[in-house]
Amino acid sequence: MTAFIIRRLIALIPVALVVGTTVFGLVHLIPGDPVSVMLGPGASSAEIDELRDQLRLNDPLPSQYVAWLARTVTGDLGDSIVQQRPVLTVIAERLEPTIVLAVAATLVGVLLGVPFGITAASLAGRPIDRVLMIVAVAGISIPYFWLGLMGIIVFAVELRWLPATGYLSPFSEGWASLRYLVLPVLALGFSQAGFVARLSRATTLQVLQENYIRTARAKGMRSRRVLVRHALRNVMIPVVTVVGLSFGVLLGGAIVTETVFGIPGMGRLILQAIQQRDYPIIQGALLLVAMFNVLVNLVVDLVYVLIDPRISYS
Amino acid sequence: MTTTATTTAGTRPPRTRLQRLVSILRGSPGVPIGGGALLFFAVVALTGHSWVPDPFAQDVINRLQPPSADAWFGTDEFGRDLFARMVTGTRTTLLVGATVSLLAGIAGVLMGMLAGYYGRLDGVIMRVMDGLLAFPSVVLALGLVAALGPRISNTIIALAIVYTPRIARLIRGVVLSLKQQDYVMAARALGARDERILRSHVLRNIVDVIIVQLSYIFALAVIAESALSFLGVTGSVTNPSWGGILSDGRTYIYQAPSMTVIPGILIALLVLALNVLGDGLQERLDPRLRGQFRG
């Protein structure tokens, strides 16, 4: 197992290198002089020279690249141009709401999607299956950020049950934070639930054709019990894996949803940085989100191997 | 496909292209329903400018009006007719979605075929694709648009880059298994050149897979484009877009909720049409492969 983990970690190196190169390359995609663009029209030429020096933009491209990679590997993501603070510090302050939102929406997606998907599969072709699958395809088709806005109109503006915007940390504020999380988490979770339900239905239909299901039925087991005892576990393994691997989508979704609900997370930070042309922040945020996503995927892969005895990790 | 060896007993393959098209249309209700709705949106996009009022005409006295007989979808903060703006915006949305799926389709199929067919290229191409896939799609698109600038063409480039690896990875898998097929081996044994094998044996057999995936990518691109214009990082004054109207509408969500409600419904309907079309095509063309993308 250790050898397997080490091999998987080594396989991360080229991926990390591509991620790093993409992020490094972003600044060089800016048309014209990136430094004048970052500082805006009001900057003096001394300021421009200073920042250009600081960002090493006078060096030849290969040495810039090597220096940037070397710095980044040690965890130094540079300083924010606007805030004059280390990028890592600025991002660390904004990480929590985004991750809370993405994780909570993942849970909602699984808790809603799996039961509905399995129910639909066990009633395949019947009206309930049709209705559930129409709801599921609607779930993946309705833009989640718009669903969030509809939630605000109904539950915050009309009914006044929930606050329209804002965020409290569930770690420091406990249950009080729930009022703020309900709408954004449900908006994002609904689209994930649609995806999970479609996936669970397809997986269940496959599992139900397996020999052990037929055996269970043949020996007179009731179909409900067959579903729970034999099918559920075998459906959950691939579904949880795919859901884990799609965590990145929810990270991206959380970033958009934050804007709708005025949640001070990574999304707000990235958008602000784009408006202020604070490229070190944009680069740092992209790098961290991508690497976080890669690590989550790695953990999901490892867990998959651990819980499914049919797969060997040699 | 000239051989009848693949035919299973009892089902005869459609002989002509027309018969094949008819069988696809009849096989699953998703194809005519989704395809019909898409066609409707396309007709609106292409002809809309000739039968709606001026989408830029301001009428400040009648600003933020609810839907009425005069302005079917109401008016925006400058008193501009929202129906006219939505109809005009259909063009932007469809243009971005169609171009993105076409560009990502071409690049992704090319990359996937090269990686799947040539073992030497596989490692390099797929590592690059994996690296790009590490970014959540919205986040990578945000970064690219931030660097390139907020023009529509840049949005298209950014989204095409985002979705290329998703198609490439899928196509690579299909090509890897096609490579082991007898007819490809036979062609190679007969001395056919790689280019010919790729074109007439590989590409021809993945067309169905590509068509199915393009409709899903189209759907994803429409949502992504709306998200980007909703976030305000892309879009322009001269081209109203659904996401842009939605974004403006958020400011007036209390006074004129229809400005937020309607564009979202339109986006959802278009994406629904594309997903239903994709599901229908998949059921018909590619039932083994449930390759669904997320994001």
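User: Which side chains meet in a salt bridge, and at what N to O distance?

Analyst: A salt bridge is counted when a side-chain nitrogen of Lys or Arg lies within 4 Å of a carboxyl oxygen of Asp or Glu. Here the partners are A:Arg198 and B:Asp279, at 2.8 Å from N to O, and across the interface of chain B and chain A the rule finds 1 salt bridge. This is a predicted model, in which local features need pLDDT of at least 70 and side-chain atom pairs count only at pLDDT 80 or more, while totals for chains, interfaces and linings use all residues. Residues are numbered from 1 along each chain as its sequence is written, chains are lettered from A and ligands numbered from 1 in the order in which they are written, and side-chain values use heavy atoms, with hydrogens and water left out.

User: How many residues of chain B are in contact with chain A, and what area is buried between them?

Analyst: With contact meaning heavy atoms within 4.5 Å, 45 residues of chain B touch 51 residues of chain A. Buried area is the accessible area (1.4 Å probe) that two parts lose on being put together, summed over both; for this pair of chains it is about 4,000 Å², with carbon and sulfur atoms giving 78%.

User: How many helices and strands are there in chain B?

Analyst: Both are DSSP runs, helices being H or I with at least four residues and strands E with at least two. Chain B has 10 helices and 0 strands, and its C-alpha atoms fill a box of roughly 75 × 45 × 30 Å along the principal axes.
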